[in-house]
Amino acid sequence: QVQLVESGGGLVQAGGSLRLSCAASGNIVSINTMGWYRQAPGKQRDLVAAFIGGSAKYTDSVKGRFTISRDNAKNTVYLQMNSLKPEDTAVYFCKVVVTTTMSSAQFQYWGQGTLVTVSE
């Protein structure tokens, strides 16, 4: 079993910054994908930024404003969000794809989500 603990959401004015963090723990052998998705009201959950296959991927709307980083020793991924816009308002979910000690297969886990609200 793998647990994800997210933190860092909140309310911020447009132009402000927030930093999200997500720490994974449990029977992890390796983390193959680790990143952030978001879901605005009435919309589908979409990729924001993630390490996929060892490379950082960003959705176009956050390039130049958001930076994803990770601490492998702590199994933690961060999302630094600068120059926030009202359209960034959403619930942000951490996602990992891991290999565990229980199986050679890969499993996907989601965090509980953290709300980011950007006011005008």
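Guide: Here is a quick chat about the fold and the core.

Guide: Heads up, this is a predicted model, where local features need pLDDT of at least 70, side-chain atom pairs count only at pLDDT 80 or more, and totals for chains, interfaces and linings use all residues. Residues are numbered from 1 along each chain as its sequence is written, and side-chain values use heavy atoms, with hydrogens and water left out.

Visitor: OK, how many helices and strands?
Guide: Zero helices and eleven strands, counting DSSP runs numbered from the N terminus (helices are H or I, at least four residues; strands are E, at least two).

Visitor: And how much of the protein is buried?
Guide: Buried residues are 41% of the 120, where buried means under 20% relative accessible area with a 1.4 Å probe, protein chains only.

Visitor: Which residues touch the most others in the largest nonpolar core?
Guide: W36, L79, M81 and Y92, out of 29 residues in that core. A nonpolar core here is a set of buried Ala, Val, Leu, Ile, Met, Phe, Trp, Tyr and Cys residues joined through side-chain atoms within 4.5 Å.

Visitor: Which element gives the largest share of this core?
Guide: β9, with five residues.

Visitor: What does M81 touch?
Guide: Leaving out residues up to four places away in sequence, M81 touches G16, S17, L18, L20, R65, F66, Y92 and V116. Contact means heavy atoms within 4.5 Å.

Visitor: Switching topic, how many positive and negative side chains?
Guide: There are 11 positive and 7 negative, with Lys and Arg as positive, Asp and Glu as negative, and His and the chain ends not counted.

Methods. Buried < 20%, exposed > 50% of the residue type's maximum accessible area, 1.4 Å probe, protein only. Charge placed at Lys NZ, Arg CZ, Asp CG, Glu CD.
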